[in-house]
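Have the model open as you work, and try each task before you read its solution.

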Amino acid sequence: MKITDARVIVCSPGRNFVTLKLVTEDGVSGLGDATVNGRELAVASYLTDHVVPLLIGRDARRIEDTWQYLYKGAYWRRGPITMAAIGAVDTALWDIRGKSLDTPVYQLLGGASRDAVLVYGHANGATIEETVAAVARYVKLGYTAVRAQCGIPGLAQAYGVGRGDRYYEPAEQGMPPEHLWSSERYLGFVPTLFTRLRAEFGDELHFLHDVHHRLTPIEAARLGKALEPYHLFWLEDPVPAELQEGFRLIRQHTTTPLAVGEVFNTVYDCHRLIEEQLIDYIRATVVHAGGISHLRKIAALAELYHVRTGCHGATDLSPVCMAAALHFDLSVHNFGIQEYMTHTAETDRVFPHSYRFEAGVMHPGDAPGLGVDIDEALAARYPYERAYLPTTRKLDGTVHSW
Ligand code: EZ4
Ligand code: CO
């Protein structure tokens, strides 16, 4: 089953996506997501200029061999661009395998370990009142887990607080906006938000919160401790995670569960976090961590250390990645939760899919392969538009992590 065609489709139905489409000699096609938010064209070139020539004529059934060939054969290993490109190839090959065997991908991954996949939605508002109202809307839709973000008094912008209600899109066209940040103002405010949310919604609803890499370990320890009475499902990305051992300090001080990993590319970014049990949820995902094959290896290591999965699922991960994540989530034993942000209607039309949401859970559907397609004619009507994620400075002008 030889690969005879491979092409990269860049489109912007509301935001930019990079999609790899592989076609075999039997006419079976497969899709992989290769989107790296704000650096899309780098992955498109990596694929078109360097990977596609290596794929033509290869046996599409040799998924693991192809992964190792692209990883070890490049010499320059790891990094978000390389791993997104390899992840796209891997995902497309699983899609092809499922379609050629007429079975959904999760059946190739060991079958369903659960009936459906628990997801969390994003509630946010400029004020606590707005955030309370947003959480209420998610509860009404059947969600039992909700991420809550809120504007911070004294700061003009806050991560996670968008322009629309069910739609947060941080990337903006034009040059990157600069946001101002104060850890002091943030740390002083966040416990107030969760005091109010617990008072309003009681004890059962799962609450999550994303710090988005902004604190130091000792600040994160203070926040985790302050939030213990509200028993979060998780506190996400409390500090930048290049320094894995930095999490020891946080762990010594708080029982608030920690989730990390949306920017991780390989198991080498998180093996110490996992083996030392410094985190509770690993958030690596299909597109940014080398595809379904490599993500399964990360999950297998995590399973040994009581760490569960919590795949990243923001809108910059295309419906192709969302479908792949749901097949992974349904099958791995140590699944924890899946992030779910709804895409725009244009995006959903460009990528018709069989996955579905109902009453707080999702299912990938039983279409063969991943159960997601791309309408290439429609995609061509939404050309790439340069966009950047924001950058952040502290109040004194020092560059800070966004
Ligand atoms: O900022 O996907 O948990 N979700 C997040 C996302 C990320 C974006 C970056 O491209 O942190 O909103
Ligand atoms: Co996050």
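**Exercise 1. Which residues in H5 meet which residues in H6?**

Before the solution, two notes on the model. It is a predicted model, in which local features need pLDDT of at least 70 and side-chain atom pairs count only at pLDDT 80 or more, while totals for chains, interfaces and linings use all residues. Residues are numbered from 1 along each chain as its sequence is written, chains are lettered from A and ligands numbered from 1 in the order in which they are written, and side-chain values use heavy atoms, with hydrogens and water left out.

Step 1. Take the elements: helices (H or I, at least four residues) and strands (E, at least two) are DSSP runs, numbered from the N terminus. H5 covers residues 128-140.

Step 2. List the contacts, meaning heavy atoms within 4.5 Å. From H5 come Ile-128, Glu-129, Thr-131, Val-132, Val-135, Ala-136 and Val-139, and they meet Phe-189, Thr-192, Leu-193, Arg-196, Leu-197, Glu-200 and Phe-201 of H6.

Step 3. Sort them by class: Ala, Val, Leu, Ile, Met, Phe, Trp, Tyr, Cys and Pro count as nonpolar, Asp, Glu, Lys and Arg as charged, and the others, Gly among them, as polar. The contact of H5 with H6 has nine nonpolar, two polar and three charged residues.

Step 4. Find the geometry, with axes as lines fitted to C-alpha atoms (for helices over the stretch in contact) and angles running from 0 to 180 degrees between N-to-C directions. The H5 and H6 axes are 10 Å apart, at an angle of about 45°. Angles under 35 degrees count as roughly parallel, over 145 as roughly antiparallel, 65 to 115 as roughly perpendicular and the rest as oblique. H5 and H6 are therefore oblique to each other.

**Exercise 2. At what angle do the axes of H6 and H7 cross?**

Step 1. Helix H6 (residues 183-201) and helix H7 (residues 217-227) have axes that come within 10 Å and cross at roughly 15°. The two helices are therefore roughly parallel to each other.

Step 2. On the H6 side, the contact includes Tyr-186, Leu-187 and Phe-194, and on the H7 side Leu-223 and Leu-227 are among the residues.

**Exercise 3. How are H2 and H10 placed, and which residues meet?**

Step 1. Helix H2 (residues 63-72) packs with helix H10 (residues 291-304) at an angle of about 90°, their axes being 9 Å apart. That makes H2 roughly perpendicular to H10.

Step 2. Ile-63, Glu-64, Trp-67 and Gln-68 of H2 meet Ser-293, His-294 and Lys-297 of H10. By class, this contact has two nonpolar, three polar and two charged residues.

**Exercise 4. What is the strand order in the open sheet that contains E1?**

Step 1. The order is E1-E2-E3, with antiparallel pairing; two strands pair if DSSP finds at least two bridges between them. Strands E1 (3-11) and E3 (29-33) are the edge strands, each pairing on one side only.

Step 2. The twist averages 20° from one strand to the next. Eight bridges join E1 to E2 (residues 17-24), and Ile-3 stands opposite Thr-24 in E2.

Step 3. Helix H1 (residues 40-55) packs on this sheet and touches E1 and E2, its direction making about 175° with that of E1.

**Exercise 5. Which residue forms a salt bridge with Arg-15?**

Step 1. A salt bridge is a side-chain nitrogen of Lys or Arg within 4 Å of a carboxyl oxygen of Asp or Glu. The whole structure has 22 salt bridges.

Step 2. Arg-15 pairs with Glu-40, the closest N and O atoms being 3.7 Å apart. Arg-15 lies in the loop between E1 and E2 and Glu-40 in helix H1, so the pair ties together parts 25 residues apart in sequence.
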